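Q: Hi! I'm new to this one, could you walk me through how some of its helices pack?
A: Happy to, let's look together.
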Amino acid sequence: MALCSKCGKREAIVYQKHTGMKLCKNCLFEDVKQRILEQVKKYDMILPEDRILIGISGGKDSYVLLRFLPEIHPSSRLFGLMIEEGIKGYNRAETFSFVKSSCHELGIDCVITSIKEVLKYSVDEFMSLQIKRCNSIKISACTFCGIARRRILNVYARSHGMNKVATGHNLDDEVQTYLINILRGDIMRLIQLHPLSIVHSPLLVKRIKPLRTIYEYETAFIAYMEGFRFQETECPYIVERPTLRTKIRELIKEIERIDPSAQLKFLNEVDKALEPLVKMRNMDSVNLPRCSQCGEPTAPGRNICKFCELIDNVLNIQY
Ligand SMILES: [Zn+2]
Ligand SMILES: [Zn+2]
């Protein structure tokens, strides 16, 4: 392969499709670090005194987040929380032990927990109970898993004195989520997704996504270069029941064949368009109501939170 288009010294190992450059390992890592820093600074994602909980799924994205955050924030103020979903054939013990030793090398404290340990039901158990009680799937595994993970990260960060939760969502994830909510016409959700959006409850810890402008192929490449040798198997629930997200992912692939930087442009434009709305919403002094069952914050106008609704209404189990 040719020499790196940036430094012109080392051998290029990756073709960065949105810039048209061929980069060596060093220049790719430096470029990714600078793009993370740019987002972090642009939106004041990380302040010097922040204590940050990193949500670790065992996948490549959270691994890359773990690898880059200590370069921009002291590792003594970073903490890792690995969450096992409880999905047969998906969670791999060796991935978690690799992540654990990486945390150790990076000087980051980390612990492992599971959805079952904290919330009584693993994803598999929730799904099989649901089929038994309802004879059908009303709530997808992805919905349950997403709500459960968010709940666990928020409660853990809050109770351990951390003021931010960082997750490994990459550019592809963010564009898909923006598109899904545009298609649904859910303006409130779009506003909440924006990095400038503030939380309206002292019980909610602010969430940040430092990798939001890094392509999925870039996180995959970096993870591989760093020795993360785990095959990214698709979650069995997605394979079984493709979601709107899977379809949107396919559509974006088609669009990027014509314009390789379409996702970056889309994210920047939607960010810009939403900004005035986000600033207006941030001035509202609404304080989110608390769930009458578990006491956690819930959306305005709701009496019970999404999580209790899933457990209580779907399974008729008092949580
Ligand atoms: Zn180079
Ligand atoms: Zn609740």
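Q: Which residues of α2 and α9 meet?
A: Lys 60, Asp 61, Tyr 63 and Val 64 are the α2 residues that meet Thr 219, Ala 220, Ile 222 and Ala 223 of α9. Keep in mind that this is a predicted model.
Q: What does that contact look like by class?
A: Between α2 and α9 there are 5 nonpolar, 1 polar and 2 charged residues.
Q: And at what angle do α2 and α9 pack?
A: About 70 degrees, and the axes of α2 (residues 60-72) and α9 (residues 216-225) are 9 Å apart. Since angles of 65 to 115 degrees count as roughly perpendicular, α2 is therefore roughly perpendicular to α9.
Q: Is that crossing left-handed or right-handed?
A: The crossing of α2 and α9 is left-handed.
Q: Okay, switching topic. What about α7 and α11, how do their axes cross?
A: The axes of α7 (residues 171-184) and α11 (residues 244-258) cross at roughly 115 degrees and come within 10 Å. So α7 and α11 are roughly perpendicular to each other.
Q: Left-handed or right-handed for α7 and α11?
A: For α7 and α11 the crossing is right-handed.
Q: Which residues make the contact there?
A: From α7, they are Val 175, Gln 176, Leu 179 and Ile 180. On the α11 side, Leu 244, Arg 245, Ile 248, Arg 249 and Ile 252 take part.
Q: How many of those are nonpolar, polar or charged?
A: The α7 contact with α11 has 6 nonpolar residues, plus 1 polar and 2 charged.

How values were computed
Residues are numbered from 1 along each chain as its sequence is written. Chains are lettered from A and ligands numbered from 1 in the order in which they are written. This is a predicted model: local features need pLDDT of at least 70, side-chain atom pairs count only at pLDDT 80 or more; totals for chains, interfaces and linings use all residues. Axes are lines fitted to C-alpha atoms, for helices over the stretch in contact, and angles run from 0 to 180 degrees between N-to-C directions. Helices (H or I, at least four residues) and strands (E, at least two) are DSSP runs, numbered from the N terminus. Angles under 35 degrees count as roughly parallel, over 145 as roughly antiparallel, 65 to 115 as roughly perpendicular and the rest as oblique. A crossing is left-handed if the near helix is turned anticlockwise from the far one by less than a right angle, and right-handed if clockwise. Two residues are in contact if their C-beta atoms, placed from the backbone, lie within 7 Å. Ala, Val, Leu, Ile, Met, Phe, Trp, Tyr, Cys and Pro count as nonpolar, Asp, Glu, Lys and Arg as charged, and the others, Gly among them, as polar.
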